[in-house]
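The following paragraphs lead through the structure shown here, starting from a single residue and widening to the chain as a whole. Please keep the sequence and the coordinates at hand while reading.

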Amino acid sequence: MKTQDAIIGAGPSGLLLGQLLHNAGIHTVILERQTPQYVLGRIRAGILESGTVDLLREAGVAQRMDAEGLVHHGVEFLFDGQRVPVALSELTDGKSVMVYGQTEVTRDLMAARTASGAPIVYGVSEVAIHDAKSDRPTVTYLSEGETCRLECDFIAGCDGFHGVSRQSIPADILKTYESVWPFGWLGLLADTPPVNPELIYA
């Protein structure tokens with residue numbers, strides 16, 4: 001099989017890239033090691049920054065997000081029992097954030113991929129990248145017990161930190177950037193009416 005761009009990983013980044021390239025007339029094949037049900041069962045973040053919202057609209061997959069998402073123009077931080085409001089829209093020339101679960105973004109992107117007819121292969125294993133530094137790299141993988149070979153112009157690794165794509169980058173050109181912060185976040189998503197007009201970080 002041949003394609004212009006092989007995309008490894010059918011999470012939000014891989015699916016969104018595939019949608020944008022499809023809209024631009026570029027043929028892609030997406031490979032995903034998990035099943036569609038597993039992908040949709042991964043519950044992740046629920047806040048979309050304004051740049052992401054704009055990109056989803058540009059990709060033509062924002063109809064349900066705009067209908068069901070909750071726009072927030074500010075946040076509140078809770079310090080020692082005191083709530084400190086931050087007016088995001090006033091401080092960022094009108095930008096806002098959208099409360100819309102990443103799982104729902106993935107669902108919308110999967111539906112768009114299916115509607116487009118562009119190929120996506122779930123349940124692959126033993127994915128391997130070959131000749132990554134050449135003009136004609138290839139990807140091999142197992143699908144339903146059969147070894148498949150995908151010839152392409154480009155490979156987009158959207159399979160995360162532990163995925164095969166990062167591991168396939170030659171050590172002499174791999175660059176890693178990391179920032180470590182002395183705190184962490186615990187996010188809770190609940191199917192309940194909003195308890196406050198704006199987001200609260202406590």
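Val 53 has a relative accessible area of 6%, and because burial is assigned under 20%, Val 53 counts as buried. The model in which this value is computed is a predicted one. Val 53 belongs to helix α3. When residues up to four places away in sequence are set aside, Val 53 touches Leu 48, Met 65 and Met 98. Val 53 and Tyr 100 are 47 residues apart along the chain, yet their C-alpha atoms are separated by 9.8 Å.

Val 53 is one of the buried residues of α3, which also include Ser 50, Leu 56 and Ala 59. Which elements cover them? The cover includes α1, β3 (47-48), α4 (63-68), β7 and α6. After α3 comes Gly 60, with a positive phi near 80°.

Met 65, one of the contacts of Val 53, has its own set of partners. Beyond its neighbours within four places in sequence, Met 65 is in contact with Leu 48, Val 53, Leu 56, Arg 57, Met 98, Tyr 100 and Asp 108. These contacts lead to the question of how nonpolar residues are grouped. In soluble globular proteins, nonpolar side chains tend to be buried together. Here the largest nonpolar core has 22 residues, and Leu 48, Leu 56 and Met 65 are those that touch the most other members. Two or more residues of this core come from each of α1 (12-23), α3 (50-59) and α6, and α6 gives the largest share, with four residues.

The buried residues of α6 are Thr 103, Val 105, Thr 106, Asp 108, Leu 109, Met 110, Ala 112 and Arg 113. Asp 108 is also a contact of Met 65. Gly 117 follows α6, and its phi is positive, near 80°.

Most residues other than glycine have a negative phi. Asp 93, however, has a phi near 55°. Asp 93 lies in the loop between α5 (88-91) and β7 (97-99). With a relative accessible area of 80%, Asp 93 is exposed. Glu 126 likewise has a positive phi, near 50°, but its place is in strand β9 (residues 125-130). The relative accessibility of Glu 126 is 63%, so this residue counts as exposed.

The view can now widen to the whole chain. The chain holds seven helices and 12 strands, and its C-alpha trace spans about 60 × 40 × 30 Å along the principal axes. Of its 202 residues, 34% count as buried. How much of the contact pattern joins residues at least 24 apart? Among contacts between residues at least 6 apart in sequence, the share is 63%. The accessible surface comes to about 12,800 Å², and carbon and sulfur atoms account for 55% of it. The chain carries 15 positive and 25 negative charges, whose mean positions are 5 Å apart.

Key: Residues numbered from 1 in each chain as written. Predicted model: local features only at pLDDT ≥ 70, side-chain atom pairs only at ≥ 80, totals over all residues. Heavy atoms only, no water. Buried < 20%, exposed > 50% of the residue type's maximum accessible area, 1.4 Å probe, protein only. Contact = heavy atoms within 4.5 Å. Areas by Shrake-Rupley, 256 points an atom, 1.4 Å probe, with all protein chains shown as cover. Lys, Arg positive; Asp, Glu negative; His and termini not counted. Charge placed at Lys NZ, Arg CZ, Asp CG, Glu CD. Core = buried A, V, L, I, M, F, W, Y, C linked by side-chain atoms within 4.5 Å.
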